[in-house]
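Have the model open while you read.

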Amino acid sequence: MTRGRVLAAMSGGVDSSVAAMLLKREGWDVVGVTMDLFGGGTAPEGKCCSYDDRQDARRVCDALGIPFYVLNMKDAFREMVVDPFIREYASGRTPNPCTLCNERLKFGALMRKADELGAEMIATGHYAIIRRGPGPRCRLLASSDARKDQSYFLFSLDEQRLSRILFPVGELAKTQVRALAAEAGLPISEKAESQDICFVPDGDYGAFLARNGIEAPEGDFVDTHGKVLGRHRGVTRYTVGQRKGLGVSAPEPLFVVRIDGLRNRVVLGKASESSSTTTRVDSASFVAGDPPAAEFRALARIRYRHPGVLSTVSVLEAGRSLSVRFDEPQRGVAPGQALVLYDGDEVVGGGWIACASD
């Protein structure tokens with residue numbers, strides 16, 4: 001008996017392929033879709049979302065006996081993900097395009113496509129868990145596979161959207177997912193993963209921005225008191241917390257403490273000067289819709305792979321901004337990055353780091 005129609009986002013990788021396979025086994029009417037983010041069948045060499053990836057997704061859908069569609073998302077991807085990335089980096093911030101892609105495309109534009117195709121649900125190969133009930137309640141939890149957990153990138157999903165989302169591999173380990181793909185004879189069971197930003201071919205953000213018309217001029221490295229320490233190659237080539245590749249000699253290691261885009265300066269400091277105890281978070285959102293209290297305790301992750309630090313969170317401006325005070329000083333609190341709040345394994349919410357202070 002068919003459970004309903006689900007739109008399965010297919011990247012051509014093992015995770016989304018196994019997700020679609022599991023859904024079909026459970027009795028869903030599965031429709032496979034791939035988002036063409038670059039148009040014309042092209043993508044930056046060696047990255048995800050390429051023509052070969054789309055062909056892999058098509059082959060998997062053929063093997064599963066489900067329909068397959070390619071959705072042209074080139075303009076939406078440029079407008080909603082790439083252009084904001086360029087603007088943020090050019091201003092000296094450290095953006096997080098994967099979170100924006102999830103929020104605006106995979107669970108925004110793709111949800112609207114699901115409505116057009118009569119699909120009740122959408123599904124992806126994300127490593128995260130959705131717990132349903134009681135009643136309409138939906139909770140977002142970290143994956144059982146801590147090494148693969150992607151809940152950090154999904155903090156902006158609220159209960160309404162979670163109610164229409166499925167993460168079929170969220171409670172599996174990566175080794176189990178590959179084994180399922182191999183057992184089923186899927187053609188991508190041994191396919192390597194892509195973990196870089198898909199639209200930056202070589203990981204050189206400065207060169208990418210230059211190709212897109214953002215030429216960051218050289219400027220001064222200064223210490224926390226304003227003393228000039230040397231010359232930098234353009235503020236777009238540095239990020240808060242960076243230590244390597246600075247090219248500045250000093251008696252002890254220096255770190256990027258702050259990027260001053262207005263004055264074209266990169267501020268360097270010693271380890272003791274590069275840590276923050278408090279940060280302001282803007283554009284905050286909560287899975288449940290509202291913050292749990294005017295002040296509450298949570299585990300704060302300031303970037304992907306960050307282990308998290310216990311913190312006191314104060315709600316400002318009707319819940320749209322937060323003040324987060326860390327129990328222990330944190331290095332590399334970078335404006336533009338997402339800060340995600342957890343209660344144990346459960347995602348409470350999060351927002352975007354605006355500034356940090358000692």
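By class, how many nonpolar, polar and charged residues does the lining of the second largest pocket have? The lining has nine nonpolar, five polar and eight charged residues, where Ala, Val, Leu, Ile, Met, Phe, Trp, Tyr, Cys and Pro count as nonpolar, Asp, Glu, Lys and Arg as charged, and the others, Gly among them, as polar. Bear in mind that this is a predicted model: local features need pLDDT of at least 70, side-chain atom pairs count only at pLDDT 80 or more, and totals for chains, interfaces and linings use all residues. Numbering runs from 1 along each chain as its sequence is written, and side-chain values use heavy atoms, leaving out hydrogens and water.

- Strand E12 (275-286) is among the elements giving two or more residues, and E12 gives the most, with five.

**The helix pair**
- Helix H3 (residues 74-90) packs on helix H4 (residues 97-116) at about 165 degrees, axes 10 Å apart.
- That makes H3 roughly antiparallel to H4 (angles over 145 degrees).
- The contact (heavy atoms within 4.5 Å) includes Phe 77 and Met 80 of H3 and Leu 100 and Arg 104 of H4.
- By class, this contact has 10 nonpolar, no polar and two charged residues.

Definitions and conventions. Axes are lines fitted to C-alpha atoms, for helices over the stretch in contact, and angles run from 0 to 180 degrees between N-to-C directions. Helices (H or I, at least four residues) and strands (E, at least two) are DSSP runs, numbered from the N terminus. Angles under 35 degrees count as roughly parallel, over 145 as roughly antiparallel, 65 to 115 as roughly perpendicular and the rest as oblique.
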